[in-house]
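Biologist: Could you walk me through some of the charged contacts and a helix pairing in this one?
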Amino acid sequence: MNLDWANIGFGYIKTDKRYVSTWKNGAWDEGGLTSDDQITMSECACVLQYAQTCFEGLKAYTTVDGRIVTFRPDLNAKRMVDSAKRLEMPPFPEERFLDAIEQVVRANKDWVPPYGSGATLYIRPYMFGIDPVIGVKPATEYQFRTFVTPVGPYFKGGAKPIVIKVSDFDRAAPHGTGHVKAGLNYAMSLHAIVTAHEEGYAENMYLDPGTRTKVEETGGANFIFITKDGTVVTPKSDSILPSITRRSICQVAEEILGMKVEHREVLLEELSDFAECGLCGTAAVISPVGQIDDHGRSICFPSGMDEMGPTIRRLYDTLTGIQLGLLDGPEGWVHEITV
Ligand code: PLP
Ligand code: COI
């Protein structure tokens with residue numbers, strides 16, 4: 001593949017094959033690969049009228065010794081089951097989810113960016129209600145699909161610290177769908193992200209929608225804070241997505257690096273006490289945050305605007321080291337795709 005891997009952004013590039021399976025008459029069909037990237041559906045499809053759709057995001061990496069691997073895909077499979085149930089969709093079986101990923105990555109192996117290029121292959125499983133529905137109720141027919149696209153860094157500038165703002169909007173509701181990967185959560189965030197970008201910010205910090213006093217997450221990543229004495233702190237809330245990257249970082253910090261980890265409520269008021277801040281997720285990896293603006297008040301982390309702080313750098317190097325086969329991680333985290 002003749003792509004300028006080092007300079008691709010986080011965008012869609014059409015690849016060769018994608019996976020499709022259809023749910024009809026109460027069962028998933030056997031599914032398979034197709035070259036057709038187009039979907040034809042009724043004007044009244046449930047996904048178009050009532051946004052009945054959820055998705056996942058994971059990556060395939062080329063390791064230092066040339067293998068193609070994915071990172072903890074079993075957790076994406078599980079989370080998609082949770083998302084489907086919350087949206088009244090038939091869950092796609094976890095073992096079939098893993099098989100679909102295996103098939104799509106193998107069929108597009110030439111699109112997996114080489115080791116050391118800084119790029120990765122982003123894998124996007126998703127499902128949606130496809131038959132016509134006009135009264136508000138779930139569809140009776142669904143598609144599960146997975147496509148892949150090579151991507152570079154989610155934020156321009158790669159590992160340079162970004163500036164974000166405390167949003168005036170919410171991305172989730174108390175007792176809503178913030179804890180699952182529903183497309184509607186991202187629709188909710190579009191006006192907020194356009195507004196933030198217009199004001200020169202890279203992302204939004206959302207607060208808890210109930211009291212607006214606690215830190216939740218951004219539109220596409222969880223927060224990770226480092227205290228002045230080196231403790232890793234991650235916000236706990238029922239309305240944020242349980243990030244696989246965040247859960248992995250916390251385990252790495254505790255078990256491999258011997259750091260103290262706290263998963264607890266984080267108040268907006270305590271932000272200025274932290275030494276470092278980062279965003280973590282599949283797309284974001286760990287992106288350092290240098291400054292958070294809150295309605296005229298700027299919180300500037302001591303780690304500054306030039307580079308990642310030292311603790312976030314250690315977490316980043318360990319996590320990506322495991323993903324790229326440079327370091328051994330916990331058993332079962334790295335899943336090899338045989339090509
Ligand atoms: N939070 C939101 C809202 C996301 O969209 C994502 C991306 O998947 C994450 C957090 C990070 O989750 P993960 O680490 O599982 O990719
Ligand atoms: C991911 O990290 O996989 C996501 O789904 C986040 C999205 C904003 C690209």
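Biologist: Is K78 buried, exposed or partly exposed?
Modeller: K78 counts as partly exposed because its relative accessibility is 43%, where buried means under 20% relative accessible area, exposed over 50% and partly exposed in between, with a 1.4 Å probe and protein chains only. This is a predicted model, in which local features need pLDDT of at least 70 and side-chain atom pairs pLDDT 80 or more, while totals for chains, interfaces and linings use all residues. Residues are numbered from 1 along each chain as written, chains are lettered from A and ligands numbered from 1 in the order written, and side-chain values use heavy atoms, without hydrogens and water.
Biologist: Which residue forms a salt bridge with K78?
Modeller: That is E94, with the closest N and O atoms 3.9 Å apart; a salt bridge here is a side-chain nitrogen of Lys or Arg within 4 Å of a carboxyl oxygen of Asp or Glu.
Biologist: How many salt bridges does the structure hold?
Modeller: It holds 16, and K260, E262, R264 and E270 are linked in a network of them.
Biologist: Switching topic, at what angle do α5 and α6 pack?
Modeller: Helix α5 (residues 244-256) and helix α6 (residues 310-323) pack at about 105 degrees, with their axes 10 Å apart.

Conventions:
Axes are lines fitted to C-alpha atoms, for helices over the stretch in contact, and angles run from 0 to 180 degrees between N-to-C directions. Helices (H or I, at least four residues) and strands (E, at least two) are DSSP runs, numbered from the N terminus.
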